[in-house]
Amino acid sequence: MKRWLLTCLVLFFSWGGMRGNVADGDSLIFSLLTCSPGNAVYELYGHTGIRCRSFSGGGDWVFNYGVFDFSEPHFIGRFLRGECDYRIGVAPFDAFCQEYDDRGSSVYEQVLNLTASEKHALLVLLTENLRPENLYYRYNFLYDNCTTRARDMIERAVDGNVVYPTKDTLKSFRQIIHQYTAAYPWAELGNDICLGAEADVKVSEREEMFAPMYMLAYADSAVIVSPDGEVRPFVLSKAEIVRGRTTDEAAALYVTPFAVMMVLLVLVLLLTFLELRYNLKFWWLDIVLMTLQGGIGLVVTFLFFFSVHPTVGSNWQIIVFNPLPLLALPWVVWSAVKGRKNGYNYVAAFVLTFFIIFSLLLPQDFCDVVVPLAFILLTRACSYIYRYHKDLYKKHVQ
């Protein structure tokens, strides 16, 4: 923290000289920096920064709207509620590039085609954000992040409008996220469990720019339209200033959630068959399955009702993943041990059947493990219903 504050002070002192030279000539160069994804969960989507170089003052800085601190009080809880605050930071250009070189990411530079007055305006906006009262902003992964903030600052400084290319085929938020998590199936599973149906709606070109590499592609073909109608390219030149290294092969070796779920499905079917065939009682299996279901349900339900994160409030998976299995678990186990009837299994069988049948019709793209898990839970509920009625029939015959 002390080092970061010192950097900010240095920038404030150097800004005076940089600002003074703008009036004399175009001594500043601004660039959009795009960093390719890394391997950590928070690095999977890449990053964006704004580079500012001063030929007269000799400064070379990168403004970064993606600074956060895991050690802040209640960070995890605030993040889950969607109330996590990020802040702007600033670092020397060489240190910024070294960080991404160390993790194996590429860094692409797009030199912006700004006038002297626009560069001055952008510098004022960025340094104004370094004031204590402006440092923090309410982070939103899809709509207000390090990339959209950088884009918005540049657009505010432009005298006119930045016009981006249009596309015939647009993607949904989930499709874009899947492009970044394809080699990390467990991270993809976590995203898919949390995100709801709104994540499957096709988004606009501007909304696609929440992803850094998409912003890079749109900026390449964008133009600036001045108030007098003059059109100029948004980007003067582009270069890969840090060459990345491929690191996805190791991630692809991990066991996938779908493979684990298929093994679990076969195991549950086998145990259920043995249970019914030899009149056994594997009630411990229901403890494991219902605890897993209810544990996931706690997260889904919390996000559904209490989080302001986008798309989580439209999650149809709450039909299967909710806390009710945890509440019903003691009753289900007691009924299984005693051979008694319980209404939970009937309700669960109906709800799970509905979910499985209509999963293809619901406006949400479910991950690969949800329907198999629902089928596993349905198998257990139906097995108890079958056993109860079988035993009841035997007593009636006797």
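Modeller: Rings of Phe, Tyr and Trp, the last by its six-membered ring, pair if their centres lie within 6.5 Å. This is a predicted model, and ring pairs link Tyr 45, Phe 141, Tyr 143, Phe 173, Tyr 180 and Phe 210 into a cluster.

Colleague: How many aromatic pairs does that rule give?

Modeller: The count is 17. One of them is Phe 282 with Trp 284, a tilted pair at 5.9 Å centre to centre with 55° between the planes.

Colleague: Phe 282, buried or exposed?

Modeller: Buried, because its relative accessibility is 17% and the cut-off is under 20%.

Colleague: And what does Trp 284 count as?

Modeller: Partly exposed, because its relative accessibility is 41%.

Colleague: Switching to charges. Which Arg lies over the face of Phe 93?

Modeller: Arg 51, at 3.4 Å from the ring centre. Arg 277 lies over the face of Tyr 278, at 5.2 Å from that ring centre.

Colleague: Now packing. Which residues touch the most other members in the largest nonpolar core?

Modeller: Phe 30, Phe 63, Leu 122, Leu 126, Ile 154 and Phe 234, out of 54 residues in that core. Among the elements giving two or more residues to this core are strand 1 (28-35), helix 4 (116-128) and helix 5 (146-157).

Colleague: Which helix gives the most?

Modeller: Helix 5, with five residues.

Colleague: What does Leu 122 touch, not counting residues up to four places away in sequence?

Modeller: Phe 30, Leu 114, Met 153, Ile 154 and Ala 157.

Colleague: What is in the second core?

Modeller: That separate core has 35 residues, including Ile 318, Val 320, Leu 352 and Ile 376.

Note on methods:
Residues numbered from 1 in each chain as written. Predicted model: local features only at pLDDT ≥ 70, side-chain atom pairs only at ≥ 80, totals over all residues. Heavy atoms only, no water. Phe/Tyr/Trp six-rings, centres within 6.5 Å; stacked < 30°, edge-to-face > 60°. Buried < 20%, exposed > 50% of the residue type's maximum accessible area, 1.4 Å probe, protein only. Lys NZ or Arg CZ within 6 Å of the ring centre and 35° of its normal. Core = buried A, V, L, I, M, F, W, Y, C linked by side-chain atoms within 4.5 Å. Helix = DSSP H or I, 4+ residues; strand = E, 2+ residues; numbered from the N terminus. Contact = heavy atoms within 4.5 Å.
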